[in-house]
Amino acid sequence: QVQLVESGGSLVQAGGSLRLSCAASGSIFSINAMSWYRQAPGKQRELVATITSRGSTNYADSVKVRFTISRDNAKNTVYLQMNSLKPEDTAVYYCNADIWATMRLYVYWGQGTQVTVSS
């Protein structure tokens, strides 16, 4: 069984920073891409950032320059450093990973962590 556990969500003032973490655990052979998504109330879930196993990154236009995704392959962990936060960044942030386990590739999701940015 594989689990993704996020942490780091909080209430922060506009202009502040937060760092989210997502650790994968369980019977993992290897991890391909890892991503962060977010879902604001009444809106669809959207892709925020992705990082491949080799470290290539991609960002949504709305977070470019302000957010940085990184990963520690030895710890099976992905991070999202969020700077210059805006009220519109308020959402539940979800971790997503493509994980090879038991000879198959699966897509896993974390339970989500709440980020609230006050104006």
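Which residues make a nonpolar surface patch of about 350 Å²? The views below start there and then move to other parts of this predicted model. Local features need pLDDT of at least 70, and side-chain atom pairs count only at pLDDT 80 or more, while totals for chains, interfaces and linings use all residues. Residues are numbered from 1 along each chain as its sequence is written, and side-chain values use heavy atoms, leaving out hydrogens and water.

View 1. The patch is made by F29, W100 and L105. Patches consist of residues with over 30% relative accessible area and no salt bridge, with nonpolar side chains (Val, Leu, Ile, Met, Phe, Trp, Tyr) joined within 5 Å and like charges within 9 Å. Areas come from the Shrake-Rupley method with a 1.4 Å probe, and for residues only the protein chains shown count as cover. Look for F29 in the loop between strand 3 and strand 4; F29 is exposed, at 72% relative accessible area. (Exposed means over 50%, buried under 20%, and partly exposed in between.) Strands are DSSP runs of E, at least two residues long, numbered from the N terminus.

**View 2. The largest nonpolar core.** In soluble globular proteins, nonpolar side chains tend to be buried together. Here the largest core has 32 residues, and W36, L80, M82, Y93 and I99 have the most contacts inside it. Strand 9 gives the largest share, six residues. Such a core is a set of buried Ala, Val, Leu, Ile, Met, Phe, Trp, Tyr and Cys residues joined through side-chain atoms within 4.5 Å.

**View 3. A buried serine.** S35 lies in strand 4 and is buried, with a relative accessible area of 5%. Its side chain joins that of T50 in a polar contact of 2.9 Å. (That term means a pair of N or O atoms within 3.5 Å; within protein, one must be able to donate a hydrogen and the other to accept it, and residues adjacent in sequence count only if both atoms are side-chain atoms.)

**View 4. Salt bridges that link up.** The whole structure has four salt bridges, each a side-chain nitrogen of Lys or Arg within 4 Å of a carboxyl oxygen of Asp or Glu. One of them pairs E46 with R38 (2.6 Å, N to O). Another joins D89 and R66 (2.7 Å, N to O). D89 sits in the loop between strand 8 and strand 9, and R66 in the loop between strand 6 and strand 7, so this pair ties together parts 23 residues apart in sequence. Through shared partners, R38, E46, R66 and D89 form one network.

Definitions and conventions. Buried means under 20% relative accessible area, exposed over 50%, partly exposed in between (1.4 Å probe, protein chains only). Helices (H or I, at least four residues) and strands (E, at least two) are DSSP runs, numbered from the N terminus.
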